[in-house]
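The exercises below are worked through one step at a time. Try each task before reading its solution.

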There are 2 protein chains.
Amino acid sequence: MDNEVLRQAPLFSALDDEAATALRGSLSETKLRRGDVLFHEGDSGDRLYIVLDGKVKLGRTSSDGRENLLAILGPGQMFGELSLFDPGPRSGTVTAVTDASFASLSHEDLLKWLDGRPEVARGLLAQIAGRLRKANDVNADLVFSDVPGRVAKALLDLADRFGRTADDGVHVHHDLTQEELAQLVGASRETVNKALADFASRGWLRLEPRSVVIMDIDRLRRRAR
Amino acid sequence: MDNEVLRQAPLFSALDDEAATALRGSLSETKLRRGDVLFHEGDSGDRLYIVLDGKVKLGRTSSDGRENLLAILGPGQMFGELSLFDPGPRSGTVTAVTDASFASLSHEDLLKWLDGRPEVARGLLAQIAGRLRKANDVNADLVFSDVPGRVAKALLDLADRFGRTADDGVHVHHDLTQEELAQLVGASRETVNKALADFASRGWLRLEPRSVVIMDIDRLRRRAR
DNA sequence: GGAGTGGTGTGACGCAGGCCACTGGATAGG
DNA sequence: CCTATCCAGTGGCCTGCGTCACACCACTCC
């Protein structure tokens, strides 16, 4: 298992070596291929997962079958926390968008763990609080911004987390189809495509399959707000 | 100060009498009149508040001055938690929608408090996790539901929390203007008004100033999903 | 009383963006 | 290789809802 990632994960950054070693005993590892589903909305389950490698999408399906993505998560990020506190069914479906691996921990083990270690509890709170803040931001965007604005915002967020700067711009291998990108910003595939094409025609970015190269990040930022 | 409400507040429901008495020493009380602002988005501040009496709206303002409400909070509910974990500026503005009173607790006191009492920490986590889940639900609604659907949902939520059942229906004194209701569901005042008028013309509810009487809650529920 | 103010009710108009329909390229599976 | 499937790109139509523009209270405050 990849210790490096775990030690950098926000949740465990406060741990000393001894504690980290002790923790590893409770963890188990899972691997998925692109497209595989880790769990479905409505499943029961109480494990907390941390992404070691790859990316997943966290989505929910409406009653009439349409889908909407809450988040794209990469290495170091956790999910499945919600079922820890109200132990109901899973509130979303988690699907791998690339081959991916995870460390996971049972509800029970985590709670045992938290009791003795207030700094970990605080880390967990900070994680969830951050997610809440972000969810609120997304709400505001859905109300205030148009689709191109939300697409720009999503690209910038993905660039922040997965981008690599080269001399021809920031390469963002988001690994998402335009359909998925559309579900992430809450719009139709067609409209997202048109927004992307428009950005490209202005020279702000270049489109590549499942990735973009951002060439003028300042303009994109201005479009996003 | 109203002990009853405090003891029922989800955050402190796990406390025994001794602990509750000890806590009261750290609390201070605040009162507001309808329309008064407790704090603004961007203010610094690290107090956690618990509503004792009345209602508040938690809102944020977009760069071009339009407003959007994240939540309406009533007795027993807390707010201001976010600044506890990343101690940045306030992420929203809190305004009283009725005369209201609050108990508050400083960041520092709360953290001191949490360390010895894992059950309170867990209560706090559960609260925030619940809010996160709710924020995600709102996101899905903004993507999937039309305005009338969101209005119906908002009314049902308000009815759940503030409604009183009488023989002519469920009386919901939400204390919101239609403008505020519109900001809550992310729509214009006019469209919300038309949705309400439509519901009323179907006999599902009756409109009264700053309140509604829901007469056919099942139909309203069906319209909401 | 009259005038201002804040909330509610309604019609008309325009447009962002959803939905549909189709094209073409790329990848996979036989 | 050929076919099937998936994904990206683009145009056209239609509608939900935002915006504008009013009218009509129900108040408070002179």
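**Exercise 1. The surface near DNA strand C**

How many residues surround DNA strand C, and which are the closest?

Solution. This is a predicted model, in which local features need pLDDT of at least 70, side-chain atom pairs count only at pLDDT 80 or more, and totals for chains, interfaces and linings use all residues. Residues are numbered from 1 along each chain as its sequence is written, while chains are lettered from A and ligands numbered from 1 in the order in which they are written.

Step 1. A residue is near a molecule or strand if its C-beta atom, placed from the backbone, lies within 6 Å of it. By this criterion 17 residues surround DNA strand C, and the closest are D146(A), S188(A), T191(A), T177(B) and Q178(B).

Step 2. The largest share, 5 residues, comes from helix 8 of chain B.

Step 3. Sort by class: Ala, Val, Leu, Ile, Met, Phe, Trp, Tyr, Cys and Pro count as nonpolar, Asp, Glu, Lys and Arg as charged, and the others, Gly among them, as polar. The surface near DNA strand C has 6 nonpolar, 5 polar and 6 charged residues.

**Exercise 2. The surface near DNA strand D**

Which residues are the closest to DNA strand D, and which helix gives the most to the surface near it?

Solution. Step 1. DNA strand D is surrounded by 17 residues, with T177(A), Q178(A), D146(B), S188(B) and T191(B) the closest.

Step 1. Helix 7 (178–185) of chain A, helix 8 of chain A and helix 8 of chain B each contribute at least two residues. Helix 8 of chain A gives the most, 5 residues.

Step 2. The class division is 6 nonpolar, 5 polar and 6 charged.

**Exercise 3. Helix 7 and helix 8 of chain B**

Is helix 7 of chain B mostly covered or mostly uncovered, and what do its buried residues pack against?

Solution. Step 1. Count C-beta atoms, placed from the backbone: a residue is buried if 20 or more others lie within 10 Å of its own, exposed if 12 or fewer, and partly exposed in between. Helix 7 (residues 178–185) of chain B is mostly covered, with 6 of its 8 residues buried. These are E180(B), L181(B), A182(B), Q183(B), L184(B) and V185(B).

Step 1. Two residues are in contact if their C-beta atoms, placed from the backbone, lie within 7 Å. The buried residues pack against strand 4 (56–61), strand 5 (67–73), helix 6 (147–162) and helix 8 of chain B.

Step 2. Just after helix 7 of chain B, G186(B) has a positive phi of about 70°.

Step 3. Move on to A197(B), which lies in helix 8 (residues 189–201) of chain B. A197(B) is exposed because 11 other C-beta atoms lie within 10 Å. Between A197(B) and L207(B) the C-alpha to C-alpha distance is 8.1 Å, at a sequence separation of 10 residues.

**Exercise 4. An open sheet in chain A**

In what order do the 4 strands of the open sheet of chain A lie?

Solution. Step 1. Two strands pair if DSSP finds at least two bridges between them. The order is 2-7-4-5, with antiparallel pairing.

Step 1. Strand 2 (37–39) and strand 5 (67–73) of chain A each have a single partner strand, so one side of each is left without a neighbour in the sheet.

Step 2. Strand 4 (residues 56–61) of chain A is joined to strand 5 of chain A by 6 bridges. In this pair G59(A) stands opposite L69(A).
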